[in-house]
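Visitor: I would like a quick tour of the strands and charged pairs here. Please show me the model first.

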Amino acid sequence: MVFSCKSNPTIFKLLQGTTYQKSLVWTDPETGVKCKTRPDICMVKKNVVLDIKTTIDASPRGFAKQVANMDYPLQAVMQCQGCLHTGLMPEINKYFWLAVEKSAPFNVALYELTQDDLEYFTDEYSYILK
């Protein structure tokens, strides 16, 4: 798995100079709910969050099913909210999922959650917290 990630120049570059597995704890200012998250990778200087997901199928179709089934967008919003509310980052410019297959040949794929999608799921996240 590691070899597959390091073999991809874009992914390898994203993984360098980052903060790994930082626990973030905050109280949601609107609801008072105590929250906790632990993003896999935070590129603090670039305001980028990357979440590593192991999967059986990293293809666009296969991973899209997993994203929907596991509520990954809501997890993404919670990670972004944690980065913002704890002051780790002033804003989130990009959010990525790194999908890594669990078995040989350990294919990898990088997927971006767009700003529009983040806004949509932030509204859903806020509704759920309330």
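**Sheet and salt bridges**

Guide: Five strands form an open sheet with mixed pairing, in the order E1-E4-E5-E6-E7. Strands (E, at least two residues) and helices (H or I, at least four) are DSSP runs, numbered from the N terminus. Two strands pair if DSSP finds at least two bridges between them. This is a predicted model, where local features need pLDDT of at least 70, side-chain atom pairs count only at pLDDT 80 or more, and totals for chains, interfaces and linings use all residues. Residues are numbered from 1 along each chain as its sequence is written, and side-chain values use heavy atoms, leaving out hydrogens and water.

Visitor: What is the bridge partner of Tyr20 in E4?

Guide: E1 pairs with strand E4 (residues 41–43) in the antiparallel sense, over two bridges. In E4, the partner of Tyr20 is Ile41.

Visitor: What angle does the direction of helix H3 make with that of E5?

Guide: Helix H3 (residues 60–69) packs on the sheet and touches strand E5 (48–55), E6 and E7. Contact means heavy atoms within 4.5 Å. Axes are lines fitted to C-alpha atoms, for helices over the stretch in contact, and angles run from 0 to 180 degrees between N-to-C directions. For H3 and E5 the angle is about 100°.

Visitor: How many salt bridges does the structure hold?

Guide: The criterion is a side-chain nitrogen of Lys or Arg within 4 Å of a carboxyl oxygen of Asp or Glu. By that criterion, the number of salt bridges is three.

Visitor: How many residues apart in sequence are the parts that Lys130 and Glu30 tie together?

Guide: The closest N and O atoms of this salt bridge are 2.9 Å apart. Lys130 lies in the segment after helix H5 (115–129), and Glu30 in the loop between strand E2 (24–27) and strand E3 (34–37). So the pair ties together parts separated in sequence by 100 residues.

Visitor: Are Asp51 and Lys53 buried or exposed?

Guide: Asp51 and Lys53 form a salt bridge, with closest N and O atoms 3.0 Å apart. Buried means under 20% relative accessible area, exposed over 50%, partly exposed in between (1.4 Å probe, protein chains only). Both residues are buried.

Visitor: Which strands hold Glu112 and Lys94?

Guide: Glu112 and Lys94 form a salt bridge, the closest N and O atoms being 3.4 Å apart. Glu112 is partly exposed, at 38% relative accessible area. Lys94 is partly exposed too, at 35%. Their strands are E7 (residues 108–113) for Glu112 and E6 (residues 94–101) for Lys94.
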